Amino acid sequence: KALCRIENYLDTMKTMPGSAAASAFAAMYLKEKVLVEDAFNHLTAGALQTLDDKLLREYTCIQTIDDRSRDDCHLMIAKACIRRTAYRCFNKYARLQSSKEVVEGALQFYTLPMDLQEELALKYGTPLPTTWYESLDQLKSLSAKDDSCDWGQLWRLILDHPMTSYVPVQCQSCGHIVPDQYPTQQSDAEVGLREIAPTGDELELRAGWFRGPRQAVVFELTCTSCSAVSTWYRSGHPQILLNPNKWGRLCGDQEDLRLTLAEYLKIPVRLTAPLDWDHVWSEYSNASSTTWQVEDNSARNFCCRLDEGIGSWTRVWAIHPNPKWCEDVTQDYLTNQSNGGRADNSIDDKTMTRYEKTIRDARLDKSGELTQAKTVNGYILLRANLSQDSITKELQRAASDFGKKEWWELNVDEGDS
């Protein structure tokens, strides 16, 4: 079926002017699907070089090389980068469409540890909540206003609640934390970690980032502190994400859970992700899709993380299945609120100018060494001369295409060649 789709796409593209590079990309995907998927999963300089070489080779089979050929190929790789990233987010949204019954079952599944119950009662009032479901009811009561719910207030409480908080991967006996670093300073073996085969009983086992990119695997931790053995894996299932018993909930897992709860509560939320940096957060709209807010201080002031010394990000994208909610919001995170941006006004102009230079330098770095993820997505977009508006257009088109076209079915616009 996939082969037939690629062949049909190639037949269609033959009739379109300026489509040689897009056709070459599809032909490359047909011949090297695994290689192309792996390359776009973690777009390092080496992966990009391989894509460049193979795409140009396919291009020469379709059309004679001229002065524009390499630029055409660069543009198609940039479009593919945008679509592949967007489709990964769309797939996440689709995967997280849990029914009301499943979400409520997960919220009621665990009895919260007594120390957590007492912590919640101290912060939110009595009675002690015994489940996350009771905790959520408590937050709804605190958000009540004139016989209705202040959904903005409820969402702020959910974002700040232990139910959705970040939990590091750790020994589930003594709580000894496994360092989540990339590049790693210690091997998996040195921190007591190893990958093991899934048993088949895991709920929605998925791939994800932990100490670098990982496939859908189960981790076994032999604690270097107490020698107890724990297992952990990435999952998008709410029952796993809501485990209160020292189960790791990394930033991607946090956002999976928040998206699930937002859908359950019918609160408009969209994913926001930086390019070339392993992180994700959410923006929510309290009233209309034209006004998006970031409640998390760290996310709102994400530019400040450039001072951590672990590398740079290159862009920030907001992505949602609704095309109107997709956009490149990079400049919003490099602009103070007084000037219409997201960042706090406490960040002065001199500091913001320095941040902009850091990002510009990272985009110019074709090695990827200046980015946190050691990837070159920002360089790819710069190389293709894509503006913020052009990127937004491609993101919105990807949202419109999702479910109708595959990510590698690249669109050709007038002037692309």
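## Strands and helices in a predicted model

Leu271 stands opposite Ile319 in E10, a strand covering residues 315–319. The model is predicted, so local features need pLDDT of at least 70 and side-chain atom pairs count only at pLDDT 80 or more, while totals for chains, interfaces and linings use all residues. Residues are numbered from 1 along each chain as its sequence is written, and side-chain values use heavy atoms, with hydrogens and water left out. Helices (H or I, at least four residues) and strands (E, at least two) are DSSP runs numbered from the N terminus.

**Strand E10 and its partners**

- E10 pairs with E8 in the antiparallel sense over five bridges, where two strands count as paired if DSSP finds at least two bridges between them.
- E10 is also joined by two bridges to strand E11 (residues 327–328), and these strands run antiparallel; here Glu327 of E11 is the bridge partner of Ala318.
- Five of the five residues of E10 are buried, a term meaning under 20% relative accessible area, with exposed being over 50% and partly exposed in between (1.4 Å probe, protein chains only).
- Both faces of E10 are covered, with Arg315, Trp317 and Ile319 on one side and Val316 and Ala318 on the other.

**Helix H9**

- In H9, which spans residues 151–159, the buried residues are Gly152, Leu154, Trp155, Leu157, Ile158 and Leu159.
- These buried residues pack against several elements, among them helix H7 (114–124), helix H11 (251–265) and strand E8 (269–275), where contact means heavy atoms within 4.5 Å.
- The N-terminal end of H9 is capped by Asp150, which has a side-chain oxygen 3.2 Å from the backbone nitrogen of Gly152.

**Helix H2**

- Helix H2 (residues 20–31) is mostly covered, since 10 of its 12 residues are buried; among them are Phe25, Met28 and Tyr29.
- The end C-alpha atoms of H2 are 16 Å apart, which agrees with the 16 Å that its 12 residues should span at 1.5 Å a residue, the expected span being 1.5 Å times one less than the number of residues.

**Arg88 in helix H5**

- Arg88 is found in helix H5 (residues 69–95), and it counts as partly exposed because its relative accessibility is 43%.
- Leaving aside neighbours within four places in sequence, Arg88 is in contact with Phe40 and Asn41.
- Arg88 and Asn41 are 47 residues apart along the chain, and their C-alpha atoms are separated by 9.5 Å.

Definitions and conventions. Polar contact = N/O pair within 3.5 Å; in protein donor to acceptor, adjacent residues only side chain to side chain.
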